[in-house]
Amino acid sequence: MGSKFVLRATFFLFLVALFIKAKAADIDIKKFGAKADGKTDDSQAINSAWKEACTSATPSTVVIAKGNYMVGPVKFQGPCKAPVSLRVEGTLQAPAEPEKLKSQDGWVIFQNIDALSVSGGGTFDGQGSIAWSKNDCAKTGKCNSLPISLRLTGLTNAHIQDITSTNSKLFHMNILNCKNVTLQHVTIKAPGESLNTDGIHIGRSTNINITGAEIQTGDDCVSIGDGSQQINIEKVTCGPGHGISIGSLGRYHDEQPVRGVTVRNCTIKNTSNGVRVKTWPASPNGVASDLHFEDIIMENVTTSPVLIDQEYCPNGQCQAKMPSRVKISNVSFKNIRGTSADPVAVKLACSKGIPCQNVEISDINLTCNGKNGTCTSVCSNVNPTVTGKVIPPACSAKTS
């Protein structure tokens, strides 16, 4: 009896110690002078709180309580001695004037951190309206003159959930050189006319999971760049925006292969595009393989809800007559249904230099809106395998 009591008492004291330790691990940025008045720059307070957490030998949590915090730029730099969490309950606001942020650095940077957790239901407000009016990307072809809101670089084993990004000046989130990162229940909002405000861009990263996101923006809801492998996107609601895209690929030399991308159980509505793979003509050699789109609802998609475009040439800035050298293979479009504002609901425009291989179309049901008549399919340089019921009827092989 006595030994049992001792064991229970010891266990109780152990739990109390854990509780005290957990409470002590919370580091509130107000301890370092954050004002949360929406006017004072609270960047230094956040950086100081992060430094204390990152140098701690035990897990800790940086707390940004409810309130409006004017910050920028701010950098969460690793590696850290122990796992660190960031609990954002308030609203972080970027300077409205783009000149106050260096475009190459971004606004909020998470870099070289293992086991990072970001949560709390808070908001990162990029205050991008002034920047959008100054965006000359279409004219110059230089699209890096504005800062990205959230840069995630060199992260491993990270979990980001229940946060909101609004009105970014350029991309909302950029995931680069990361491994094992999950984004869950993330909300992204910007007007449909906000230029180049991609929701989530992924590049040169492995095992990235995006689930339960709601994305409304002025460019791709999710865009997947070179070097992305084992990417899973599911239960995403996209629109307005440009849909969910792999690419564009092939614009630059030394691009890394894209392999193993799955997009499933998503809804894409009132967007300019649906799901697409896009590569530049006159490109260097490249690879995009094992790309799967399935169980997707389309609502009033403006241009070809199902699209492979190996003649991607925005603003006429390419050698359009030269074929793309990006090899696309092992692609499937399954159980995609809904409405298209474009009479060409399915368009597979593959490269005449390296035709697409092993493309499958299965159980497609896309109808045209209003006066657009019957939807059709168009193919070039590809002979897709067709299974199940496909509406509009699948196109046959054509070589350009």
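Predicted model: local features only at pLDDT ≥ 70, side-chain atom pairs only at ≥ 80, totals over all residues.
## Getting started

A residue counts as buried when its relative accessible area is under 20%, as exposed when that value is over 50%, and as partly exposed in between. Take arginine 87: its relative accessibility is 27%, so it counts as partly exposed. Keep those cut-offs in mind, as they come back throughout this tour.

## The overall picture

The chain has 400 residues, and 50% of them count as buried. Its secondary structure is made of four helices and 32 strands. The contact pattern is worth a look too. Take the contacts in the chain with a separation of 6 or more: residues 24 or more positions apart account for 75% of them.

## An open sheet of 11 strands

In what order do the strands of the open sheet line up? Going across, you meet β5, β8, β11, β14, β17, β20, β23, β25, β27, β29 and β31, and the pairing is parallel. The edges belong to β5 (74-77) and β31 (376-380). Each of these two has a single partner strand, so one side of each is left without a neighbour in the sheet. On average, neighbouring strands are turned by 15° against each other, direction ignored.

Now for the pairing itself. Strands of a sheet pair through backbone hydrogen bonds, either parallel or antiparallel. For an example here, look at β20 (residues 222-224) and β23 (residues 244-249), which run parallel and are joined by three bridges. Across this pair, valine 222 stands opposite isoleucine 244 in β23.

## Helix α2 and its two faces

Helix α2 covers residues 43-54, which makes 12 residues. From its first C-alpha to its last it reaches 16 Å, close to the 16 Å expected at 1.5 Å a residue.

Which residues of α2 are buried? They are Ser43, Ala45, Ile46, Ala49, Trp50, Ala53 and Cys54. Look down the axis of α2 and these buried residues fall within an arc of 165°, so they line one face of the helix. The face turned away from that buried side carries the exposed residues Gln44 and Lys51.

## Salt bridges across the chain

How many salt bridges does a search of the whole structure find? It finds 10. In one of them, the side chains of arginine 87 and aspartate 26 meet, at 3.7 Å from N to O. This pair links distant parts of the chain, with arginine 87 in strand β6 (residues 84-88) and aspartate 26 in strand β1 (residues 26-28), 61 residues apart. Aspartate 26 has a relative accessibility of 33%, so it counts as partly exposed. There is a network here as well: salt bridges link Asp26, Arg87 and Glu89.

Another salt bridge brings together aspartate 226 and arginine 204, whose closest N and O atoms are 3.0 Å apart. Here, too, distant parts of the chain are linked: aspartate 226 is in the loop between β20 and β21 (229-234), arginine 204 in the loop between β17 (200-203) and β18 (206-211), and the two are 22 residues apart. Are these two residues buried or partly exposed? Aspartate 226 is buried, because its relative accessible area is 16%, while arginine 204 is partly exposed at 32%.

Then there is the salt bridge between the side chains of lysine 278 and aspartate 220, at 3.3 Å from N to O. Lysine 278 lies in strand β25 (residues 275-279) and aspartate 220 in the loop between β19 (214-216) and β20, so the pair ties together parts that are 58 residues apart in sequence. Both lysine 278 and aspartate 220 are buried.

## Two threonines to look up

Threonine 61 is found in strand β3 (residues 60-64). With a relative accessible area of 16%, threonine 61 is buried. What does threonine 61 touch, not counting residues up to four places away in sequence? The answer is Ala25, Asp26, Ile27, Ser85 and Arg87. Two of those names, Asp26 and Arg87, belong to the salt-bridge network described above.

Threonine 385 is found in strand β32 (residues 385-391). Its relative accessible area is 46%, so threonine 385 is partly exposed. Leaving aside neighbours within four places in sequence, threonine 385 is in contact with Val359, Glu360 and Ile361. Glutamine 357 is 28 residues from threonine 385 along the chain, and the C-alpha atoms of the two are separated by 9.9 Å.

Key: Residues numbered from 1 in each chain as written. Heavy atoms only, no water. Expected span 1.5 Å × (residues − 1). Buried < 20%, exposed > 50% of the residue type's maximum accessible area, 1.4 Å probe, protein only. Arc of directions from axis to C-beta. Pairing = 2+ DSSP bridges. Axes fitted to C-alpha atoms, helices over the stretch in contact; angles between N-to-C directions. Salt bridge = Lys/Arg side-chain N within 4 Å of Asp/Glu carboxyl O. Contact = heavy atoms within 4.5 Å.
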